Amino acid sequence: MRLRPYIHDKDFDSIKNWMPEERAHAMWCANIIPYPMEKDGFAEVMSSAFDRFGDTPFVAISDAGEIEGFFLYSLNYETNEVLLKFVMVDPAKRGKGLGKEMLGLAVKYAFEISHADLVHLNVFPENTGAKKCYEGAGFVERDTTPEAFTYKDEKWGRTNMAIRKVAIHS
């Protein structure tokens, strides 16, 4: 697996149906991206994220060139922290360690290329599969805000999980 920048006209059709169910879509993006996901709406959200925060979308691709995952990468220069957003893996390939591998590459990029001190992400604790994946990739829970998001008649918490760069002294 390797990472490369997301190319909207080339990659959107591969990821557009990865969240076909409305509740799963809400768990993935907290309804920041309109449901159902459409090409123009997704492009607008990515463009706005870049304009506001400098966020860069990436895809994870297999050695055969197939798109297996997606995330948005946001480096805060003031805190020297990376926030990963909109993390998802092709549902047909989930449960095979691809999410863990993709997150490992994103963390490696953050520490070795961006020289960040910390990588973090947010997850709804009700999204047990995603939370388990993040824990498997080494993310540790920092805090949870109860009832941070409302989806229909449900209230979900928001858990922030992080990996801190470990200083290596010789």
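1. A pocket, as the word is used here, is an open set of grid points, where a 1.4 Å probe fits, with protein on both sides within 12 Å along at least five of seven lines. In this predicted model, the largest pocket has a volume of about 1,100 Å³. The points below take up that pocket, then the overall fold, and then several individual residues.

2. The lining of the largest pocket comprises 46 residues. Nearest to the centre of the pocket lie M27, W28, V87, N122 and Y134.

3. Strand β4 provides the largest share of the lining, namely 7 residues.

4. As to the fold, the protein contains 5 helices and 7 strands. Along the sequence these elements follow the order β-α-α-α-β-β-β-α-β-α-β-β. The radius of gyration is 16 Å, close to the 15 Å that the globule rule gives for 170 residues, so the protein is as compact as a globular protein of that length. Taken along the principal axes, the box filled by the C-alpha atoms is roughly 50 × 40 × 35 Å.

5. Of the 170 residues in the protein, 45% are buried. Where contacts join residues at least 6 apart in sequence, 57% of them link residues at least 24 apart. The protein exposes about 9,400 Å², and carbon and sulfur atoms supply 51% of that area.

6. The loop between α2 and α3 deserves attention for its backbone. Most residues other than glycine have a negative phi, and most peptide bonds are trans. A30, which is placed in this loop, has a phi near 55°, a positive value in a residue other than glycine. The relative accessible area of A30 is 25%, so this residue is partly exposed. P36 is also placed in the loop between α2 and α3, and a cis peptide bond with omega of about -5° joins Y35 and P36.

7. The loop between α4 and β5 holds both S114 and H115. Is S114 buried or exposed? Its relative accessible area is 19%, and the limit for a buried residue is under 20%, so S114 counts as buried. Beyond residues up to four places away in sequence, S114 touches Y73, L75, N80 and Y109. H115 is exposed, with a relative accessible area of 51%, and its phi is near 55°, a positive value in a residue other than glycine.

8. With a relative accessible area of 32%, T145 is partly exposed. Leaving aside neighbours within four places in sequence, T145 is in contact with G157 and R158. The C-alpha atoms of T145 and W156 are separated by 8.9 Å, and these two residues are 11 residues apart along the chain.

Methods:
Residues numbered from 1 in each chain as written. Predicted model: local features only at pLDDT ≥ 70, side-chain atom pairs only at ≥ 80, totals over all residues. Heavy atoms only, no water. 1 Å grid on protein atoms, 1.4 Å probe; cavity = no way out; pocket = protein on both sides within 12 Å on 5 of 7 lines; lining within 4 Å. Points joined across faces, edges and corners; volume = space filled by probe spheres on them. Helix = DSSP H or I, 4+ residues; strand = E, 2+ residues; numbered from the N terminus. Rg over C-alpha atoms; globule rule 2.2 N^0.38 Å. Buried < 20%, exposed > 50% of the residue type's maximum accessible area, 1.4 Å probe, protein only. Contact = heavy atoms within 4.5 Å. Areas by Shrake-Rupley, 256 points an atom, 1.4 Å probe, with all protein chains shown as cover.
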